Amino acid sequence: MAELGSKGVTAGKIASNVQKKLTRAQEKVLQKLGKADETKDEQFEQCVQNFNKQLSEGTRLQKDLRTYLASVKAMHEASKKLTECLQEVYEPDWPGRDDTNKIAENNDLLWTDFHQKLVDQALLTMDTYLGQFPDIKSRIAKRGRKLVDYDSARHHFEALQTAKKKDETKIAKAEEELVKAQKVFEEMNVDLQEELPSLWNSRVGFYVNTFQSIAGLEENFHKEMSKLNQNLHDVLLGLDKQYSGNAFPVKAQPRKKTKLFARLRKKMSSDSTPAKANKSPSPPADGSPITSPETKTLNHELEPSTLEAPGASIPKSPSQPAEAAHAGAEAAGSEAAAGAEASKTEADSGSNSLPAVVVETFPATVNGTVEGGASSERADMPPGFLFKVQAMHDYTATDSDELQLKAGDVVLVIPFENPEEQDEGWLMGVKESDWIQHKELDQCRGVFPENFTERVQ
């Protein structure tokens, strides 16, 4: 007990505090059970709700501001690393080296100044603003406890007054305690009733000052940073102009797979040599017409029964209108007649000519509309044609199966016969000029690097 007394706490004080807690607990239970009325102040309760909302918003603003400052710090470090990298790669003999070093130094100072001003003008102000809330929150809680004491004293006094056997001494003492409890409560209540609305209204000016400070600091920072960036741009532009003649060459991706296509083309070239020598044999001595295996096959396929006489009807599809079928038949008859006349003329011109073969082709129709425009366009392209590309740079072939390209050459891209032979970044194709001139793939096609070209169709 002596130890407690030395600290200003006596046994009587402890007992008094314990008794107060028990009395408050009992009063709160009676109020919740509806056996005792509770003093209500709706205006004060609204002030408390505003206070809690203001505290929550301020705490969140403080947290987000700290996050923002951490981000500024991280950006400062990242910017510093970037400028250090620039200083390392900027060679001593390049023009503007001293300027880049100065820009990097100013960049670092600008970030440091921006961060420090944010701390001074925003974060510290925020901390001061929130510093007043803990004390007020404690006073609100104490005011609530004093209100319970006041209600308890009031109920005790009322109970003694309505008792059947009245004790004037107890009534007088209870009245004295009631007056005391009421005075303590009302003093605290009046002070908070004045402070809470004032604190609530102060948030507007505080938010304005805080965000104005942040916006102003950001504006100045970005203005100064923009100047530094423009200076750096000008320095690098001067470097580019001085060294603009040293163009960086475009390189193709290395080919890793075996040149199967090159070996295949060489084999085809060697196999086709004897055939070219016998491509145009002399006519037989007896003057009979030459009939090659291809001609025999073609004549066999086109039996006379399959070529209708002029004016013959043409089978029509179920969806084809009668008028379209009739028009098609007339067109077919005219073409057949013209073909027959041409065949007769050629036959009369000499016995050494190959027998003419009349082949009739009829355009497909769907609902009376002639189709095949896209097919006829594709017919002029090599088999399997995919799309067109144009060479943007010259490319010197390094292997027999590669195309030699000049900037501006148009290449018709075709698929690889064996997809496994395709290297990444390489395409197969034939130059459009070669295809138009020769209509031959075996000797004209080749592979080329895709990054040297641009798709045009």
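**Stop one: a helix pair**

Select α3 and α5: these two helices are roughly antiparallel to each other, a label for angles over 145 degrees. Residues are numbered from 1 along each chain as its sequence is written. This is a predicted model, where local features need pLDDT of at least 70, side-chain atom pairs count only at pLDDT 80 or more, and totals for chains, interfaces and linings use all residues, while side-chain values use heavy atoms, with hydrogens and water left out.

Helix α3 covers residues 42-89 and α5 covers residues 133-161; their axes come within 12 Å and cross at roughly 150°. Axes here are lines fitted to C-alpha atoms over the stretch in contact, with angles from 0 to 180 degrees between N-to-C directions. Helices are DSSP runs (H or I, at least four residues), numbered from the N terminus.

Now show side chains. On α3, pick F44, E45, V48, F51, Q54 and L55; they meet F133, I136, K137, I140 and R143 of α5, where contact means heavy atoms within 4.5 Å. That set divides into seven nonpolar, one polar and three charged residues.

**Stop two: S79**

Stay on α3 and select S79. S79 is buried, at 15% relative accessible area (buried is under 20%, exposed over 50%, partly exposed in between, with a 1.4 Å probe and protein chains only). S79 touches N107 and W111, leaving aside residues up to four places away in sequence.

**Stop three: cysteines**

Buried or partly exposed: what is C47? C47 is buried, at 11%, whereas C85 is partly exposed, at 42%. The structure has zero disulfides, meaning pairs of cysteine sulfur atoms within 2.5 Å.

Methods: Parallel < 35°, antiparallel > 145°, perpendicular 65-115°, else oblique. Nonpolar A, V, L, I, M, F, W, Y, C, P; charged D, E, K, R; others polar.
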